[in-house]
Amino acid sequence: MSNPIFIHEDQVKKLLNWDSTFDAVEAALESVYNKRAVQSPRTFTQSTTSKTLLLTMPGHLDNERFGALGCKLVTVAPDNINLEHPLPTINAQILLFEEATGILKAVVGGTEITKWRTAAASAVATKHLKPKEFQVLAILGAGVQGRIHAICFNHFYDFKEIRIWNHNVHKAETLVQELNQVYNCQKFKCCQSNEECVRGADVVVTATFAKSPIVQKEWLKDGVHINAVGAGLVHHSELSESIYQSSHVYIDHWAGAQTELAGLGKLGVEFKGEIGGVITGDLPPPPLDQVTVFQSLGMAAEDCAMARLIYDLFIQESNMN
Ligand SMILES: NC(=O)C1=CN([C@@H]2O[C@H](COP(=O)(O)OP(=O)(O)OC[C@H]3O[C@@H](n4cnc5c(N)ncnc54)[C@H](O)[C@@H]3O)[C@@H](O)[C@H]2O)C=CC1
Ligand SMILES: O=C(O)C1=NCCCC1
């Protein structure tokens, strides 16, 4: 019996690319809708001696290119950004199993994968819910997810302006400076307020730990698409209740939404369906002038697909050397 291989974060980083990530995430979302994926409910274990939360996310995906049996272990430690030497808030490992034997075949660094697949899920949802060209992107939150969404949407779209706001404005300023330098442009702009950031935007991304709404309905342009990424046990509250009540809200998976978004259900919010149904064409996308929301929770099937992608690329590369 061979030992599992370890694919470390720095190796994962070198193997990731946006186009394959998009394909893997799109396949995962579609497979969940088509019942070609199994995702047992994720568990949440709260440390009693710190703010750290441990999630287990088991899943199986039946797909020729991205199929896998795996389990992501992921921690959320919001205080990590306040350390003298800050660490990422979200850290993960993905266990990948041999399907027939159940033997552990790889442990794949899951922190970069979580970053990339979450931004790619927003890009997939945006493509299918609003198939048109955009001018202005607004990103609320300049943390890990805010940054990777800026990079991902800049890769897939030709936005004229990408605005970034953070409740601690200095962080948004630093990110904007970094991105304008990396891409040798001036399209990244720092906003002093969330309202200034959102007004007039065609696409909005919320990626914060906000516990009360940071986007109000009256700021929204007709036909805007919102990717609401900030997630947690109790605070799906980045958008105001009236936005959830008046827009076309899509989710990544029903089972997760029924438990983790029960609070929205109690407010009378009706989800239009899983984004996978729009990908397959079973659910028609809403008219382009309607406000759409993709409420992202994050799914094990996405992580399994990504771990399989990275595993295959790693083996391919090892065989060439
Ligand atoms: N849907 C999904 O698949 C995933 C969702 N997430 C969620 O995305 C969100 C962001 O995660 P990361 O970027 O990794 O975290 P991060 O810690 O790197 O960034 C969070 C940002 O939120 C800001 N923030 C903190 N408290 C705030 C408040 N009360 N109001 C407004 N802004 C506030 C911080 O200044 C920081 O810039 C979290 O809610 C996380 O749980 C993360 C990974 C996957
Ligand atoms: O899907 C994920 O992975 C996560 N979702 C919510 C926050 C922690 C990571």
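In the predicted model, F22 touches A120, A123 and V124, leaving aside residues up to four places away in sequence. F22 is found in helix 2, which covers residues 18-33. With 21 other C-beta atoms within 10 Å, F22 counts as buried, because the cut-off for a buried residue is 20 or more such atoms. F22 and M306 are separated by 284 residues in sequence, yet their C-alpha atoms are 9.7 Å apart in space.

M306 belongs to helix 11, one of the residues of that helix that are buried. Helix 11 spans residues 300-320 and has 21 residues. From its first C-alpha to its last, helix 11 reaches 30 Å, close to the 30 Å expected at 1.5 Å a residue. The buried residues of helix 11 are A300, A301, E302, D303, C304, A305, M306, A307, R308, L309, I310 and Y311.

Two packed helices are described by the angle between their axes and the distance between the axes. Helix 3, formed by residues 111-129, packs against helix 11 at an angle of about 120°, and the two axes are 10 Å apart. Helix 3 is therefore oblique to helix 11. The crossing of these two helices is right-handed. On the side of helix 3, the contact is made by I113, R117 and A121; on the side of helix 11, E302, D303, M306, A307 and I310 take part. By class, this contact has five nonpolar and three charged residues, and no polar ones.

Definitions and conventions
Residues are numbered from 1 along each chain as its sequence is written. Chains are lettered from A and ligands numbered from 1 in the order in which they are written. This is a predicted model: local features need pLDDT of at least 70, side-chain atom pairs count only at pLDDT 80 or more; totals for chains, interfaces and linings use all residues. Helices (H or I, at least four residues) and strands (E, at least two) are DSSP runs, numbered from the N terminus. The expected span of a helix is 1.5 Å times one less than its number of residues. A residue is buried if 20 or more other C-beta atoms lie within 10 Å of its own, exposed if 12 or fewer, and partly exposed in between; C-beta atoms are placed from the backbone. Axes are lines fitted to C-alpha atoms, for helices over the stretch in contact, and angles run from 0 to 180 degrees between N-to-C directions. Angles under 35 degrees count as roughly parallel, over 145 as roughly antiparallel, 65 to 115 as roughly perpendicular and the rest as oblique. A crossing is left-handed if the near helix is turned anticlockwise from the far one by less than a right angle, and right-handed if clockwise. Two residues are in contact if their C-beta atoms, placed from the backbone, lie within 7 Å. Ala, Val, Leu, Ile, Met, Phe, Trp, Tyr, Cys and Pro count as nonpolar, Asp, Glu, Lys and Arg as charged, and the others, Gly among them, as polar.
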